[in-house]
Amino acid sequence: PTCAGYPLSIFFIIINEFCERFSYYGMRAVLVLYFKYFLQWDDKLSTTIYHTFVALCYFTPILGALIADSWLGKFLTIVSLSFVYTVGQAVMAVSSINDLTDYNRDGSPDNVQLHIALSIIGLILIALGTGGIKPCVSAFGGDQFDDDQEKQRSTFFSIFYLSINAGSLISTIITPILRAQQCGIHSKQLCYPLAFGVPAALMAISLVVFIAGSRMYKKVKPQGNIMIQVFKCVGFAIRNRFRHRSKEFPKREHWLDWASEKYDKQLIAQTKMVLKVLFLYIPLPMFWAIFDQQGSRWTLQATTMDGNFGAIQIQPDQMQTVNPILIIIMVPVVDTVLYPLIKKCKINFTPLRKITVGMFLASLAFVAAALVQVQIDKTIPVFPADGQSQIKIINLGTDNAIVQFQPQLQNVTVKSMESVSYMTFETSRLQSLNIISGNKTTTKEIKLPGENRHTLGIKAHATDIVARLLLDNVTSKPEGNNLIRFINNLPDPINVTLGDTYFGKVMPLSASDYNVFPGGRDYVIFASGGLLTYCSDISERFAFGSAYTIVINKCTSGNLTAIYSEDIPPNTVHMAWQIPQYFILTCAEVVFSVTGLEFSYSQAPPNMKAVLQAGWLLTVAVGNIIVLIVTGASKLSEKWAEYVLFAALLLVVCVIFAIMAYFYTYVDPNEIEAQLDEDEKQHKKNQDAHEKQGEVVSRM
């Protein structure tokens, strides 16, 4: 059946591709933040696992192509691996359910190892699924057209590519919004189950839609994989050359000519052309090493920035949408305006020069990211290192107080109802505190665990001084949100609620746990209990990425008086400063990625496209492995320095590629194949003439 001249089956394939790309990019958008904030991995481990996953996603397409072409066929490969994919997405959604192991209902999982194990299983299944079907779906769509439908096939691929971009753009906007919601049975947390659950549902829909069109599809039987032929040809040439390595055997024009005993001239000539292009691929992974850090380092960078765009609050992982939005704008602008303008200026902007410019621009994008990071670093608080402790003081009494850190480390004066920000001490040296307020003095011996922040709450009564040392348990800036806790400075226990979040019963001169609140708005504070019947107040408008301790100080006629003490300052560098680096990187992608495949296909025969696509995908996989190697080997402690390191590495590779490109000679595969055909005909003609001559001689 057809619709407007197109096979009806392709509409099922396009819907399937949209849902699959929504599922993949939606999950991937929130992945690095899930690692950092749910699994509690540091930036380095989060980046490492993220890039390992992406690398695996680009290694598995070769496996998928081999299964489809040599065994199951495209249809069964897509169905079976889509099922694996759907299971993987579902496992990821389950792994992110906080209440799964939150036995004591304190808001954090008690068996993190189970969540990690489920996450790794889910990611492996997803990588097998998404990578395995990647080379099959577009090719399967192409199979639905007849030979005389070249125009319709071309339009299909354009719509197919549009569905990929639409799925990735929409999901990258939506899933971070879902993640930012609060959900949970026993305690409200960032809603990762919803952020992973919706992509899982879309993947299930994708599979159902694809199977629904089963009866309409043209299913081409497996015909063998050209990649296997190429590998066998190369392998035989190497083995044959090694066997004939002595000088008594004459040299051949090209080392692949040693395969001529077993393989025909056409395959050898095609393999030569492919290897010539693949040789140029060697420097390309460094570009992808930088490009794919949008989803890891740049997203982590955005967590330390201010996402307030007036009426809209942008989540850190939503900044990734800048890339697909700019791609949609930049591709037509570059093709219809920039390239024709360069041509008019009589500049020979060859494909290899475009790729070189793309690599240079990507390097420049990381320099821009480094400059932004330098500004961010000025706003990030310093947390205690190994062997250190930090102490902040809040004076909850009516008199000024002096705190002496013993033995003779530091003396601090704290005014009434004010606080002194965190001071850093060597844990082993700090032994006791001497507190003086009015005419009263008290000494408190302390033994701190180290690598933690603490708050010292002090209050002078008529006869004594009460000092409480509270563990803050905060080791990083909160991601785009705010951490809020309460200290009760009233004589009786009170119940505290901020907005819809209940903090529980807070005892006198004690603190509640921190809870997460989105920034950019204020909340209503409720307090009740003891002599208080009911008290309320509107909180301050919280910014982004801050932590506050709110002291409940008194209640007069139902009006609550609260004092705000800043534990972590809010983010002050705006996310808009990331737009220049995204713009430069998108420009790099347009001239690099689009040109790269176009150039590859122009330099090799049509039947070798699968080999070149596999090689291209491998450059992406190797690029992500380079991130792992550089991250693991680098001893740089500053993030901006790592950005500069990657920029410098790509710049060096860019120069090497420019030299390789300078010596590259462009070829026309059609001409070479036509010449081979002509040679073959001439050879056959000569052979026939020789045979006829032999017949004449035999008759004489």
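Reader: Is Thr 595 buried or exposed?
Author: This is a predicted model, in which local features need pLDDT of at least 70 and side-chain atom pairs count only at pLDDT 80 or more, while totals for chains, interfaces and linings use all residues. Residues are numbered from 1 along each chain as its sequence is written, and side-chain values use heavy atoms, with hydrogens and water left out. Buried means under 20% relative accessible area, exposed over 50% and partly exposed in between, with a 1.4 Å probe and protein chains only. Because the relative accessible area of Thr 595 is 6%, the residue counts as buried.

Reader: How many bridges join strand E21 to E22?
Author: Strand E21 covers residues 547-556, and seven of its ten residues are buried. Two strands pair if DSSP finds at least two bridges between them; with E15, residues 481-488, E21 runs parallel over six bridges. With E22, residues 559-568, the sense is antiparallel, and the number of bridges is nine.

Reader: Which residue takes a positive phi in the hairpin of E21 and E22?
Author: Across this pair of strands, Lys 554 stands opposite Thr 561 in E22. Two residues lie between the strands, and the positive phi, near 50°, belongs to Ser 557.

Definitions and conventions. Helices (H or I, at least four residues) and strands (E, at least two) are DSSP runs, numbered from the N terminus.
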